[in-house]
Amino acid sequence: MSALTTPLFLGLDVGTQGCKAIVYNAKENKVVSRGSYSYEILKSDVPGRAEQHPSLWIEGGVAALNEALKTVDRKSVKALSISGQQHGFVPVDKSGQVIRNAKLWCDVESVKEAEDLSKQWDWTLVPGFTASKILWLKNNEPENFSKLAKVLLPHDYFNYYLTGRYCMEAGDASGTGLFDTAKRTYDSQRLGSIDSSLEDKFPQLIGPNEVVGTLRAEVAQELGLAGDVQVAPGSGDNQMSALGAGAVHEGTWVMSLGTSGTLFGLSTKPVLDPSGAVSPFCDATGSWLPLLCTMNCTTVTEEVRKSFGLDHETITALAEKEPAGSHGVNFLPYITGERTPNWPHSSGVITGLRPGNMRPGLLYRAAMEGATFSLLAGLKKMEGYGVKAQEIRVVGGGSKNRLWRRIIADSFQLPLRFPTEPESAALGAALQAAAVHAGVATPEFIDSHSPPLADLVVEPDASKKDAYEAAFQRHYQIGKQIFEPSS
């Protein structure tokens with residue numbers, strides 16, 4: 001089969017800062033082309049507001065896809081799938097028009113609504129989840145709420161643009177706060193507690209292997225694609241990143257070290273944490289995806305590095321000379337407050353200092369250990385629900401630091417692998433598109449089309465286990481004493 005006639009599949013990640021598109025050749029199991037388009041959150045003087053108009057996502061997505069398609073035979077494209085930023089609220093009227101700007105995952109105008117719903121439901125709902133944004137619209141813009149005919153999430157809206165069909169799937173829907181994760185269906189009681197008409201405004205749920213539809217004629221023409229190109233269900237960006245990292249079986253977890261830190265992995269049973277620390281997500285394959293997100297990760301290590309005016313290599317080399325556990329120094333990394341644990345008014349704290357300990361390498365290592373321990377606390381919490389990790393696949397900017405890799409392996413006592421595709425969510429979308437087109441369950445397809453991993457495997461050093469466990473216990477206990485003094 002020539003390259004011109006080899007089936008191709010598109011994956012598009014619709015993010016907060018832009019869109020990333022890839023073209024995937026399933027026969028060769030490789031990405032053959034890429035495209036991107038950047039945009040920003042709308043400027044606002046309103047505290048806590050973070051909004052975008054969905055037309056921006058369409059503009060950016062079409063541009064990114066067209067860029068990626070420039071160097072390939074467009075008629076070879078057989079299917080595509082969308083990964084989208086989670087939790088965003090897209091209000092649509094009865095004619096299919098967007099009523100107002102979408103409130104994004106990082107919009108916290110609905111803090112009061114989140115608190116009210118948390119009390120009603122006896123479950124901690126963070127303002128990032130969609131439910132609080134819907135109630136905010138009802139409370140603050142009743143005229144717009146009265147026009148509401150359909151509630152969509154960002155990737156659902158893109159699917160609607162592509163196919164003309166309203167639908168939602170369990171992965172992204174589980175981030176609304178209005179979903180019964182265990183039963184993988186809408187929670188009628190919660191929906192009714194916001195408004196008696198709300199359940200009718202949520203679209204049909206489809207399964208992880210269903211086809212949403214084919215491209216509308218205008219879209220096919222805009223992209224230069226055949227009209228019979230299939231649109232797979234898509235999902236949220238975390239769910240798609242799991243696919244793109246090959247985490248489609250129990251035991252394989254993904255850790256992302258960026259501005260925030262995330263840790264998630266497939267579970268064959270729902271994890272329902274009433275504290276809200278572990279997000280009760282479904283995944284994109286028919287299973288579940290318990291997820292933990294910390295607010296303070298690479299920002300903390302960068303704070304130390306910049307304070308001493310050192311480059312990455314110099315300060316890392318200094319930190320490597322310091323022992324595991326940092327001579328008893330703990331750096332609680334909550335410099336921007338924290339959501340996991342739920343300590344929004346917390347701050348960064350350094351404890352255990354002795355004469356001579358204000359060394360750049362020691363504090364840099366302590367910062368890395370502190371950010372790592374916050375994620376380790378999350379894994380230990382998940383283990384309490386019967387979830388076990390056997391391997392961690394590490395992505396994000398922090399994953400490139402050799403010392404941080406070592407600290408994670410030794411404190412978690414688990415081997416680390418490193419996916420090489422930087423756009424894991426877009427790759428996950430393309431893999432899902434290929435699987436749905438082939439009529440094969442996504443995990444089965446990914447087993448035979450494994451996403452690329454670096455050859456390097458960082459194995460844990462058992463001799464460091466006790467030192468890190470002692471340092472972790474200090475981290476955990478000191479945080480509770482300072483930020484939960486009444487507990």
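User: Which residues of helix 16 are buried, and on how wide an arc do they fall when seen down the axis of the helix?
Analyst: In this predicted model, the buried residues of helix 16 are Tyr468, Ala471, Phe472, His475, Ile478, Gly479 and Phe483. An α-helix has 3.6 residues a turn, so residues three or four places apart point the same way. Seen down the axis of helix 16, the buried residues line one face of the helix, because they fall within an arc of 140°.

User: Which exposed residues does the face of helix 16 turned away from its buried side carry?
Analyst: Helix 16 covers residues 465-483, and its buried residues include Tyr468 and Phe472. The face turned away from that buried side carries exposed residues, and these are Asp466 and Gln481.

User: How far does helix 16 reach from its first C-alpha to its last?
Analyst: Helix 16 has 19 residues, and at 1.5 Å a residue a span of 27 Å is expected. The reach in the model is close to that expected value, at 27 Å.

User: What covers the buried residues of helix 16?
Analyst: The cover includes two strands and two helices, the helices being helix 12 at residues 360-383 and helix 13 at residues 402-412. The strands in this cover are strand 20 and strand 21.

User: Where is serine 347 found, and is it buried, exposed or partly exposed?
Analyst: Serine 347 is found in the loop between strand 20, residues 330-333, and strand 21, residues 348-351. Leaving out residues up to four places away in sequence, serine 347 touches Leu332, Tyr334, Ile335 and Phe483, and Phe483 is one of the buried residues of helix 16. Because buried means under 20% relative accessible area and exposed means over 50%, serine 347, with 35%, is partly exposed.

User: How far apart in space are serine 347 and threonine 336?
Analyst: Along the sequence, serine 347 and threonine 336 are eleven residues apart. In space, C-alpha to C-alpha, the separation of serine 347 and threonine 336 is 6.5 Å.

User: Why is helix 3 described as largely enclosed by the rest of the structure?
Analyst: Helix 3 spans residues 130-140, and its buried residues include Thr130, Lys133 and Trp136. These buried residues pack against several elements, among them helix 2, helix 4 and helix 7. Helix 3 is largely enclosed because the number of its eleven residues that are buried is eight.

User: Is arginine 190 buried or exposed?
Analyst: Arginine 190 lies in helix 7, and, leaving aside neighbours within four places in sequence, arginine 190 is in contact with Trp121, Trp123, Gly177 and Leu178. Arginine 190 is also among the residues that lie nearest the centre of the second largest pocket. The relative accessibility of arginine 190 is 16%, and therefore arginine 190 counts as buried.

User: How much space lies in the second largest pocket?
Analyst: The second largest pocket is lined by 16 residues, including Trp123 and Pro280. By class, this lining has eight nonpolar, three polar and five charged residues. The space in the second largest pocket is about 250 Å³.

User: What volume does the largest cavity have?
Analyst: The structure holds one cavity of 30 Å³ or more. The largest cavity is lined by residues that include Trp123, Phe129, Pro280 and Arg339, and by class its lining has five nonpolar, three polar and one charged residues. The volume of the largest cavity is about 40 Å³.

Note on methods:
Residues numbered from 1 in each chain as written. Predicted model: local features only at pLDDT ≥ 70, side-chain atom pairs only at ≥ 80, totals over all residues. Heavy atoms only, no water. Helix = DSSP H or I, 4+ residues; strand = E, 2+ residues; numbered from the N terminus. Buried < 20%, exposed > 50% of the residue type's maximum accessible area, 1.4 Å probe, protein only. Contact = heavy atoms within 4.5 Å. Expected span 1.5 Å × (residues − 1). Arc of directions from axis to C-beta. 1 Å grid on protein atoms, 1.4 Å probe; cavity = no way out; pocket = protein on both sides within 12 Å on 5 of 7 lines; lining within 4 Å. Points joined across faces, edges and corners; volume = space filled by probe spheres on them. Nonpolar A, V, L, I, M, F, W, Y, C, P; charged D, E, K, R; others polar.
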